[in-house]
Structure formats: structure tokens, C-alpha cells
Amino acid sequence: MNVRAHVSMLFHLDKCIGCHTCSVACKNLWTDRKGTEYMWWNNVETRPGTGYPTGWEDQERFQGGWERRGNQLELKLHSRPKGLANLFFNPALPELDDYYEPFTFRYQDLFNSPEGNDQPVARPVSMITGEPMNIEAGPNWDDDLGGSNLYAQNDPSWDGVDEGILAQMGEIERVVFNYLPRICNHCLNPSCVAACPSGAIYKRAEDGVVLVNENKCKGWRMCVAACPYKKVFYNWATGKSEKCILCFPRMETGQAPACAHSCVGRIRYMGVLLYDADKIPAAAMVDDEHLVSSHLDVILDPFDPEVIAAAKAGGLDEGWIKAAQESPVYKFVKVWGLALPLHPEYRTMAMMYYIPPLSPIVSTIERGLVRLELPPEKVDFELFNHLEKARLPLKYLANLFAAGNVEVIKPILQKMLAVRILKRKQSVEGAVDTATLKLLESVRLDLETAEAIYRLTTLPTLEQRFVLPPYHREMATEAWNDPLAHKGEVGVGTIELPVRGN
Ligand code: SF4
Ligand code: SF4
């Protein structure tokens with residue numbers, strides 16, 4: 001057993017309100033520099049939709065992640081020798097139009113225009129050329145259904161969803177959506193690291209954060225193509241690749257990443273997971289049906305004396321083991337079995353986790369009106385028994401979080417519904433009936449666990465949401481530098497100003 005520690009984030013999708021505060025917090029902190037205008041290390045997508053960069057899940061086009069070839073796991077992009085032979089040829093890269101041409105507005109025209117009969121306007125201008133432009137795309141172009149017929153139908157996660165359901169999704173009465181916040185997944189088996197010909201990307205030993213060493217990066221951009229989540233970006237001004245750094249300088253001073261700290265819906269949780277590094281190669285090789293279980297099997301029980309002994313033998317300090325025991329991520333992922341990695345079929349073993357969202361059941365439509373013939377307290381019961389009638393099809397959620405395996409998604413949604421029904425009974429009716437207790441039992445929950453899930457979901461304090469390990473980086477050289485003085489330098493593995501071509 002090779003025990004290591006990983007700092008992970010969990011997203012409770014049932015709580016995300018799509019306010020984009022997280023994205024703005026991240027952008028202000030890390031990507032407000034020249035060459036990074038189009039980069040959103042954190043973005044929030046409306047689903048169903050095509051996301052950002054548009055259609056990023058289309059791996060036939062973008063060639064991200066891993067695939068099994070015989071008994072080998074190889075990059076979908078290319079094998080290593082082929083990668084070196086094709087160093088100057090990488091057709092799988094997204095283009096600027098797949099992201100969007102970054103723009104601003106000529107605000108000074110509002111103040112400096114000469115007096116006239118017309119109201120002055122601030123014309124949009126390209127942030128790359130400075131020339132006036134027509135805005136035809138943006139990072140949230142399909143936000144809250146903008147152009148939904150076009151975008152939602154092109155969502156690759158519809159694969160295998162019943163044609164009839166698909167045909168109805170565009171109808172206004174059936175319309176449903178949820179938000180999907182995304183950052184780099186700081187994967188256990190990162191394809192970006194494997195694809196880099198310069199060895200510039202690495203996974204930090206102490207906490208699993210995946211970083212680009214800007215001194216080593218030569219701008220080959222193999223990482224951009226190989227990351228199936230499209231979370232490595234190319235800085236056109238410095239000629240280097242950049243990506244989410246999980247706000248490691250914040251974490252090293254005991255603060256949660258900016259996106260998590262600023263989250264208005266309080267949907268984000270941070271915590272340590274212990275994992276067995278020896279199990280990774282086998283876990284990434286299993287067939288699609290078993291990908292989720294083999295992935296979760298790599299995560300270890302931090303209370304198990306054998307795990308603790310192996311962790312200590314491997315040099316992990318007490319504080320990290322304690323943080324793993326108190327980790328809200330561990331509770332949601334392993335103890336309660338409520339959270340899943342995004343697109344496990346990419347086989348990168350993503351270490352950020354998602355609790356899938358609940359959606360209403362399809363109601364009957366009569367004379368153009370939506371009619372739900374049930375009293376509110378019956379709606380959840382109805383949904384519990386007819387989850388396949390949820391407006392967001394189970395197959396769609398399974399394609400996002402379970403490599404298409406509906407049987408993995410269903411019990412999670414049932415557990416969440418059981419907790420909701422219990423709390424409704426307690427707060428509205430003041431008592432819990434036997435039907436509700438049976439319901440809890442059927443999803444293998446007891447009252448105490450259901451209460452704990454409810455508390456951590458709805459009422460957690462800041463300290464319960466963010467259980468960060470005790471870093472000792474204050475002793476490291478980086479801590480001697482004033483972070484503000486080095487802000488323009490991005491600070492990813494370097495304290496020198498990156499220069500194009502170096
Ligand atoms: S999500 Fe992050 S760690 Fe995973 S492959 Fe992409 S850039 Fe690498
Ligand atoms: S800040 Fe939180 S609630 Fe708002 S969009 Fe981001 S993840 Fe969702």
C-alpha cells in the first residue's frame with residue numbers, strides 16, 4: 001500500500017445558483033493579465049449545453065484523455081513515440097473561436113464623445129487586436145438557455161438518451177437545466193502530464209495539485225489537446241501553458257481557493273483524501289461499467305489502522321491524517337456514496353467530485369398549462385418512485401458522472417430524495433411516519449446518517465466546509481516574496497517574468 005494525500009474539492013450541484021461569482025473571483029486573482037484574457041480556469045456551464053470551450057466533451061475531435069489499446073492504456077492523442085514524431089503537428093487543438101475572441105468595450109467613448117443628437121455608446125473591441133468587433137460568442141454564451149435549441153441539442157452527453165425524450169427537451173414546458181462549475185480536476189492519472197514533451201507539468205507530491213513549471217514549458221501545447229476537460233490554456237503573450245493551480249498559495253496559508261471561498265451558494269467543500277497510489281494503473285484500466293467503483297476503491301479509509309500506519313511510514317504527518325478523517329469530501333464521496341468524478345470514462349481519474357443535481361418530475365401538460373396533480377408533499381415521493389421521469393434524464397446524468405451507467409446515478413438521487421422527504425416530514429408535519437422510515441431503509445440510510453447529510457448539505461460552517469491540511473510552506477522560499485509584487489508573473493513554479501520563446 002502506497003498511501004498518499006490529495007486535496008480535493010467537492011461540488012454540490014443541487015445548490016449551485018449559476019451566479020458565476022467563483023469564475024470572477026478566479027479571473028480577478030489569476031487571469032487578468034495579457035495573454036490570459038480568454039482563460040477561465042474556473043467556469044460555470046449551463047447543462048444541457050456545449051460548455052466552454054464549446055463542445056469540449058467531443059473527444060473524437062479533441063482527442064483528450066486515455067483509451068485502452070490491447071492491455072495498454074495510451075493517450076487518445078497519440079503514443080509517446082508518435083507524439084515526438086509529430087511534435088510540430090497537433091491538429092486536435094481548440095481554436096480561438098472554440099473559446100471566444102475576448103472583448104471589452106470602449107467605455108471612454110461614453111465620456112469623451114463630442115456633444116451631438118445621439119446617445120454615445122461603448123463599442124465592443126477585441127482584447128487581442130484592439131479593433132472594433134461583433135461579439136458572436138462568449139464564455140457563457142449558452143448561459144440560462146441562451147440559444148438553447150442550438151446548444152442543448154449539441155451536448156455530447158445526450159448519447160444513448162431515448163429519442164422521444166430528446167425530441168421533447170426543446171419544448172418550453174419541458175425545459176430544465178442545471179449548472180456545472182468546472183476547474184482542473186487535478187487528476188490522479190493526468191493525461192496533460194503524460195503528453196508534455198518537456199516534462200514541464202507535474203503533480204505535487206504533498207497534495208496532488210497539478211502544476212505547469214513555466215521555466216520548463218516550451219509551448220508545445222500537447223497538454224492543451226490531451227486534457228479531456230480542456231483545462232490547460234495557452235498564453236499567447238508568453239508562449240507558455242497555464243492552468244488552475246487550486247490556489248495553492250492560498251491553501252498554504254490556510255485559506256480555501258478563491259472560487260470555493262467566494263461561492264455564494266456554498267456548494268463547494270474542500271478536504272483531504274488518502275489514496276493508494278499502487279492501485280491507480282489497474283483502476284484506470286477496468287471496463288467502463290466498473291470505472292466508478294474502481295476509482296472510488298483507490299480512496300482509502302483514514303480511520304483504518306493499517307492505512308494510518310502506512311501513511312505514517314510514507315512520511316505523512318499527523319495533521320494531514322487528521323484532516324483526512326475530518327474531510328467533508330471523504331464523507332460525501334466514500335462514507336455516504338453521494339458524489340462522483342466528472343466523466344470517469346476519460347480515465348484520468350479526476351479528483352474533484354460532484355453530487356449530481358435533482359430535477360422535477362415531468363408534469364402533465366393540458367391546454368398549454370403545466371398541471372401537477374399532486375400536493376407538494378407528495379411530489380418528492382412520486383419522484384422517488386419514478387426517477388426515470390425526472391426532467392433531466394438519468395441517462396444524461398449517467399453520461400456526465402458515471403460513464404453512462406444509470407445504476408450508479410439512481411441510488412445517489414434516491415438517497416438525496418429520501419433525506420429531502422424526511423426533512424419535509426419533520427419540518428412540515430412534525431413527525432416521521434413509517435413510510436418515510438421504510439424509504440430511508442430502502443436506500444440504506446438511518447435517521448442519524450440522514451441528519452448528518454442534511455446538516456453538511458445545508459447548515460455547514462466555514463470550518464466544516466473547508467477542512468484544509470496544515471501546510472508548512474511558510475518555511476519555503478516562496479513565502480519570502482511579496483505575492484502582490486509578483487502578481488504579473490503568475491507565480492506558477494517561477495518567480496521570474498516569463499518571456500516568450502524561453
Ligand atoms: S483536468 Fe487538470 S489534471 Fe486532469 S488532465 Fe486536465 S489539466 Fe490535467
Ligand atoms: S459561486 Fe458557487 S453558486 Fe455561484 S456559480 Fe459558482 S459554484 Fe455556483
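**Ground rules.** I noted that this is a predicted model, in which local features need pLDDT of at least 70 and side-chain atom pairs count only at pLDDT 80 or more, while totals for chains, interfaces and linings use all residues. Residues are numbered from 1 along each chain as its sequence is written, chains are lettered from A and ligands numbered from 1 in the order in which they are written, and side-chain values use heavy atoms, with hydrogens and water left out.

**Cysteines.** I then searched for disulfides, a disulfide being a pair of cysteine sulfur atoms within 2.5 Å, and the count came to zero. For Cys259 the closest cysteine sulfur is that of Cys247, at 6.1 Å, which is too far for a bond. I also checked Cys184, which is buried with a relative accessible area of 8%.

**The whole protein.** I recorded 22 helices and 16 strands, taking helices (H or I, at least four residues) and strands (E, at least two) as DSSP runs numbered from the N terminus. Of the 502 residues in the protein, 52% are buried. The accessible surface comes to about 22900 Å², and 53% of it belongs to carbon and sulfur atoms; such areas come from the Shrake-Rupley method with a 1.4 Å probe, and for residues only the protein chains shown count as cover. For contacts, meaning heavy atoms within 4.5 Å, I found that among those between residues at least 6 apart in sequence, 72% join residues at least 24 apart.

**Leu10.** Leu10 and Ile267 are 257 residues apart in sequence, yet their C-alpha atoms are 7.9 Å apart in space. Leaving out residues up to four places away in sequence, I listed the residues that Leu10 touches, among them Ile267, Arg268, Tyr269, Val329 and Phe332.

**Salt bridges.** A salt bridge here is a side-chain nitrogen of Lys or Arg within 4 Å of a carboxyl oxygen of Asp or Glu, and by that rule I noted 23 of them. Arg47 pairs with Glu45, the closest N and O atoms being 3.0 Å apart; Arg47 is buried at 0% relative accessible area, and Glu45 is buried too, at 3%. I also looked at Arg204 and Glu206, whose side chains meet at 3.7 Å, N to O; Arg204 is buried at 6%, whereas Glu206 is partly exposed at 28%. Salt bridges that share partners join Glu45, Arg47, Glu57, Asp155 and Arg182 into one network.

**Backbone.** Most residues other than glycine have a negative phi, and most peptide bonds are trans. With that in mind I noted a cis peptide bond between Arg47 and Pro48, with omega about 0°, and another cis bond from Tyr52 to Pro53, with omega near -10°. Pro48 is in the loop between β2 (43–47) and α2 (59–62), and Pro53 lies in the loop between β2 and α2 as well. His20, though not a glycine, has a positive phi of about 70°; His20 is found in the loop between β1 and α1 (21–30) and is buried at 12% relative accessibility.

**Helix α20.** Which residues of helix α20 (residues 434–442) are buried? I found Thr436, Leu439 and Leu440, and seen down the axis of α20 these buried residues fall within an arc of 100°, so they line one face of the helix; the arc is that of the directions from the helix axis to the C-beta atoms. On the other side of α20, Thr434, Lys438, Glu441 and Ser442 are exposed. Arg444 follows α20 with a positive phi near 55°; Arg444 lies in the loop between α20 and α21 (447–458) and is exposed at 80% relative accessibility.

Terms used: Buried < 20%, exposed > 50% of the residue type's maximum accessible area, 1.4 Å probe, protein only.
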